Amino acid sequence: MILKRLVLHNFRNIESTEIKPGPGFNILTGDNGQGKTNILESIYILGHFKSFRRNRNEDLIGVTDIYSRVSGEFYLGGIRETVTLKILKDQKEILINDKRPLQSSDMFGRFPSVLFSPEEVALPRGYPAARRALIDRALCQTRPSFIDLTRAYQRCLRQRNILLKEGAPVRSVYPWTEELVNTGAMVRLARCQYLDRLLPLFKSAYREICGDRELADIIYPGYSTTLSVLQENLRSTLERETSRELKYGTTMAGPHRDDPVFMLDNRVLGIYGSQGQQRSFVLAFKTAQILDLEKETGFCPLLLLDDMTSELDRKRQEFFFRFLQQRQGQVFISCTEHSAFQSAGFKCLRMFRVKAGTICDRD
Ligand SMILES: Nc1ncnc2c1ncn2[C@@H]1O[C@H](COP(=O)(O)OP(=O)(O)OP(=O)(O)O)[C@@H](O)[C@H]1O
């Protein structure tokens, strides 16, 4: 899949621009704070319908208008598809091929992209929510219905929490508990099934990056790929937590509180791992995600690499660039120094210069 045209209006510091990327490596260079990440973010939004940064619509809107607009023109096997997002303060209007999408499957997984950003390098050490999001965002690219499932779960969780907070009698909480058990177990099942598919690719990518020395793994708490087992587990945990739930007025267990643990040689990476090992871990995850998407969709996703040169040492960069060259997909890289890419001998290299929100071809 190739993004042939990107049009932005009032998107963060980019007033108005049109970019025609090349089919291979597109390098965005410029000083700090000029708008390079903003461009990668806009491409990411075309496929994920939300940002990878703090997710408030108003942050995405620049100062010259009350809304921003991001449009992309994609080609896959000669077929043209368009997607446009008009971002207002309290809503996003989405058009795919000039029509409003009716369901998640019309949107998600259609223009897939995989991002590697400096923020993600801190994931192994960060909050569980960020690790869950890493898995969920990857998962919904190949299984759009997962979005509907998590929404149903969140709706149920909200209702149940309202009742618990009000101190409602157990019998009125009960129907929501059953609903939570069913949808919660399905969310866990989808995550476990995804990890089942991803982990062999991930482990072998990690070995390739670091040599055969270390064994990387992701342990999902209460892992199972049997729905009834997951339902039973969640039901009995909630039963055990009843008194604490009544005391604190909130749901104490479920996929919204799970902590997927990133492990290296049977130790918790976030505690014991070096910076380099944590970077390799995230890099291996992304590599596996790309391979999985390729297998599931039949084409290479767009790859968005934000300021990667600052995060990866030469050895890891070389691994990843070699891997990307083999994919023959479209790649967008933001960096402050373009010379490294010129000398790397990439095929299909296109350079852009970004300065104060304006973008032009670099000669
Ligand atoms: N809603 C907004 N309206 C106007 N300008 C914004 C908005 N949000 C961010 N900016 C501006 O965008 C710029 C940051 O852009 P971006 O994050 O893309 O920088 P960058 O070129 O990737 O820099 P770095 O190399 O430091 O990562 C800043 O100047 C910031 O003030």
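The structure is a predicted model, in which local features need pLDDT of at least 70 and side-chain atom pairs count only at pLDDT 80 or more, while totals for chains, interfaces and linings use all residues. Residues are numbered from 1 along each chain as its sequence is written, and side-chain values use heavy atoms, with hydrogens and water left out.

**Annotated binding site**

- An unreviewed UniProt entry lists Gly30, Asp31, Asn32, Gly33, Gln34, Gly35, Lys36 and Thr37 under "binding site"; such annotations may be inferred rather than shown by experiment.
- Asp31 sits in the loop between strand 3 (25-29) and helix 1 (36-48), where helices (H or I, at least four residues) and strands (E, at least two) are DSSP runs numbered from the N terminus.
- With a relative accessible area of 56%, Asp31 is exposed, given that buried means under 20%, exposed over 50% and partly exposed in between (1.4 Å probe, protein chains only).
- Once neighbours within four places in sequence are set aside, Asp31 is in contact with Lys36 and Thr336, contact meaning heavy atoms within 4.5 Å.
- Gln34 also belongs to the loop between strand 3 and helix 1, but Gln34 is buried, with a relative accessible area of 17%.
- Not counting residues up to four places away in sequence, Gln34 touches Asn13, Val354, Lys355, Ala356 and Gly357.

**Ligand surroundings**

- There are 14 residues around the ligand, of which Gly33, Lys36, Thr37, Asn38 and Asp59 come nearest; a residue is counted if one of its heavy atoms lies within 4 Å.
- Helix 1 provides the largest share of this shell, 3 residues.
- By residue class, the shell divides into 1 nonpolar, 8 polar and 5 charged, with Asp, Glu, Lys and Arg counted as charged, Ala, Val, Leu, Ile, Met, Phe, Trp, Tyr, Cys and Pro as nonpolar, and the others, Gly among them, as polar.
- Oxygen atoms of the ligand lie 3.0 Å from a polar backbone atom of Gly35 and 2.8 Å from a backbone N or O atom of Asn38.
- A nitrogen atom of the ligand lies 2.9 Å from a backbone N or O atom of Ile61.
- The ligand exposes 650 Å² when taken alone, and the protein buries 67% of that, with areas from the Shrake-Rupley method and a 1.4 Å probe.

**Pro21**

- Pro21 occupies the loop between strand 2 (14-19) and strand 3, and counts as buried at 10% relative accessibility.
- Although Pro21 and Lys4 are 17 residues apart along the chain, their C-alpha atoms are separated by 5.7 Å.
- Beyond neighbours within four places in sequence, the contacts of Pro21 include Leu3, Lys4, Arg5, Phe332 and Phe352.

Technical notes: Polar contact = N/O pair within 3.5 Å; in protein donor to acceptor, adjacent residues only side chain to side chain.
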